[in-house]
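Please read it alongside the sequence and coordinates shown here.

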Amino acid sequence: MQTDDAIVLDEPIETTPLGACSFSNEDRHRRAATQWENIITGVDQRFNTFAEFREALHKYSIAHGFTYKYKKNDSHRVTAKCKTEGCPWRIYASRLATTQLICIKKMNPEHTCEGATVKAGYRATRGWIGNIIKEKLKVSPNYKPKDIASDIKREYGIQLNYTQAWRAKEIAREQLQGSYKEAYSQLPFFCQNIMETNPGSLATFSTKEDSSFRRFFVSFHASISGFHQCRPLLFLDSTLLYSKYQGTLLAATAADGNDDFFPVAFAVVDEETEDNWNWFLTELKSALSTSEQITFVSDFQKGIKNSLIEIFGNECYHGYCLRSLAEKLNKDLKGQFSHDARRLMVQDFYAAAYAPKIEVFERCAENIKAISIEAYDWVIRSEPEHWANAIFGGARYNHMTSNFGQQFYGWVSEVDELPITQMVDVLRGKIMELIYRRRLESSQWVTRLTPFMEDKLQLEMSKSRSFQVALAHTSTFEVRGGESVDIVDIDHWDCSCKGWQLSGLPCCHAIAVILCLGRSLYEYCSRFFMTESYRLTYTESINPIPNVEKPERSELHEATIVTPPPTKRPPGRPKLKSAESADVIKRQLQCSKCKGLGHNKKTCYRVNGVGVEEPETPILTVLGTEEPEGSS
């Protein structure tokens, strides 16, 4: 027998039959139901399906203020009678012979239970309520259960508690988006469809021994191709999902030539574990197929270190996320030192991380040691070779934290309650639009460098205005500016200030030398910052995936069975993250535009609109006997 699960109402609702009297103040909330008074007309009325007939019966009973129960309810016939004992109201419907239509064969429309009022709980089901609210949910995805309950009471006179409204919303969501369970079963077809519609992409999944979902990985060909035009730098991070079965999304994002995030790959896993990170990185290496040394930036606590060594070996560098390290330091120091003492130590910690030279790093570490030997020991034990610019072997281009792709994780938070295939497809659509938009925008650029990098280069040029340049030996130059003296090796793209090496753009000292030699600055900029490379990053497109929601059953017949993971979202509202303590020490101020320390974008040279004048050509003094090429 196929019946809906009835919602048990908290108390009977007093209703007045529509034929008994005109609308009064007491039943004003039922005016919306008047449109259903004649939704069932009588014998010979036809419906396309039994579901359509049952839906009409629900609405008819509400409009006429009575409750009913099924005597027969299966795939061949439906018989219902008034729930009031002795009332003769009956209805019988079955399939019309030689057709697929459903027809009302018998109906007794008379009620002997009618009176001034009928006290009864409506036979309102979660499915029926869900069907009522789904149109509004489509327009307002954040339709709250308390608002659902309020609207249903006002419009239909049905009292729902919070749990009933929440469950009705879940049903409506599934009606609009598809079943969560069905989405997992579609994964084999979904992966196949991704790789067929986007050749060169990698989409794969794995299950546990009981066929329940474990993890899913995808990297689109457009992302793989685009990454090869970006710096060999990847940010690894994760975010929790709040869908019915929860889970975690793991992601790898890159930085394009304009210093914007570029999604490379992501995965949905049942939980964040070292084993799942190992699997993700294995699939990532397979997708990228590169022998180039990649620098990874990630949280040091997530068990990624061992996996990177195992999978990428000497082909990678691993930088720790500075933000998570600073939070750990602050947490470990809490209770031992005053707020001001901890603030100064964390400030020195950031300064040590950004310090370009080993002597500056050591000086910052000594400042920490002067406050606390224990804190100094903590810093030394935290493996500075993975986070300090002066010691780190890879190239992280002054990107010190792993949460570089915040916009991508913002997308995830908007769709993380969708069934898995729909969530992935929405993210695919957003990446597709991002690639198209940036390709279009870059077609209008006229500078050799991307706009962001061009601005940084112009800023460095303005600093080089008063420098004096002296030739020391062949390709080595001495640059004097005020009290500072820096050595530039033009052939090896090296400056003693380390700014050139850390950023990939000539520093102000190098610019002074390049201008003295009469050469083009752009010849000494990383190719990753060129407008040409940026356009190549966004050359490939991501194609739509047809039939993402409902593949044919015959197509899934031979597919691997995938069932939902055993862990479900706990009942009730998700717990909110506790507010961070006001005692948390913030990192040193850093400009979001030029990445410089000690100021923000409001006080940044570029944002303030100060014009960048063409710098004067520095004076070249020859100290050696040899003259460099291109000098006059």
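Over the face of which ring does R396 lie, and at what distance from the ring centre? In this predicted model, R396 lies over the face of F392, at 5.4 Å from the ring centre. The table sets out both cases.

| Charged residue | Ring | Distance to ring centre |
|---|---|---|
| R396 | F392 | 5.4 Å |

**Overall composition**

The protein chain contains 20 helices and 19 strands, and of its 632 residues, 49% are buried. When contacts between residues at least 6 apart in sequence are considered, 66% of them join residues that are at least 24 apart.

**Aromatic pairs**

The structure holds 30 aromatic pairs. One of them is formed by F261 and W411, whose ring centres are 5.7 Å apart and whose planes stand at 70°, and because an angle over 60 degrees counts as edge-to-face, the pair is assigned to that class. F261 belongs to strand β12 (residues 261–269) and W411 to helix α14 (residues 406–415), so that this pair links distant parts of the chain, 150 residues apart. Both F261 and W411 are buried, and the two residues also belong to one aromatic cluster together with F266, F408 and Y409.

**Packing of two helices**

Two packed helices are described by the angle between their axes and the distance between the axes. For helix α8 (residues 274–288) and helix α9 (residues 304–312), the angle is about 35° and the axes are 9 Å apart, while the crossing of α8 and α9 is right-handed. On the α8 side the contact is made by E274, W277, N278, L281, T282 and K285, and on the α9 side by I304, N306, S307, L308, E310, I311 and F312.

**Backbone angles at two aspartates**

Most residues other than glycine have a negative phi, and most peptide bonds are trans. Against that background, D44 has a positive phi near 80°, and D259 has a positive phi of about 65° although it is not a glycine. D44 lies in the loop between β1 (13–15) and β2 (46–47), whereas D259 is placed in the loop between β11 (248–255) and β12. Is each of these two residues buried or exposed? D44 counts as exposed, because its relative accessibility is 53% and the threshold for that class is over 50%. D259, by contrast, has a relative accessible area of 10% and is therefore buried, the limit being under 20%.

**The surroundings of L187**

L187 is found in helix α6 (residues 187–197), and with a relative accessibility of 0% L187 counts as buried. Leaving aside residues up to four places away in sequence, L187 touches F205, F213, F216, I420, T421 and V562. Between L187 and A203, which are 16 residues apart in sequence, the distance in space is 9.7 Å, taken from C-alpha to C-alpha.

Notes. Residues numbered from 1 in each chain as written. Predicted model: local features only at pLDDT ≥ 70, side-chain atom pairs only at ≥ 80, totals over all residues. Heavy atoms only, no water. Phe/Tyr/Trp six-rings, centres within 6.5 Å; stacked < 30°, edge-to-face > 60°. Helix = DSSP H or I, 4+ residues; strand = E, 2+ residues; numbered from the N terminus. Buried < 20%, exposed > 50% of the residue type's maximum accessible area, 1.4 Å probe, protein only. Lys NZ or Arg CZ within 6 Å of the ring centre and 35° of its normal. Axes fitted to C-alpha atoms, helices over the stretch in contact; angles between N-to-C directions. Left-handed = near helix turned anticlockwise from the far one by under 90°. Contact = heavy atoms within 4.5 Å.
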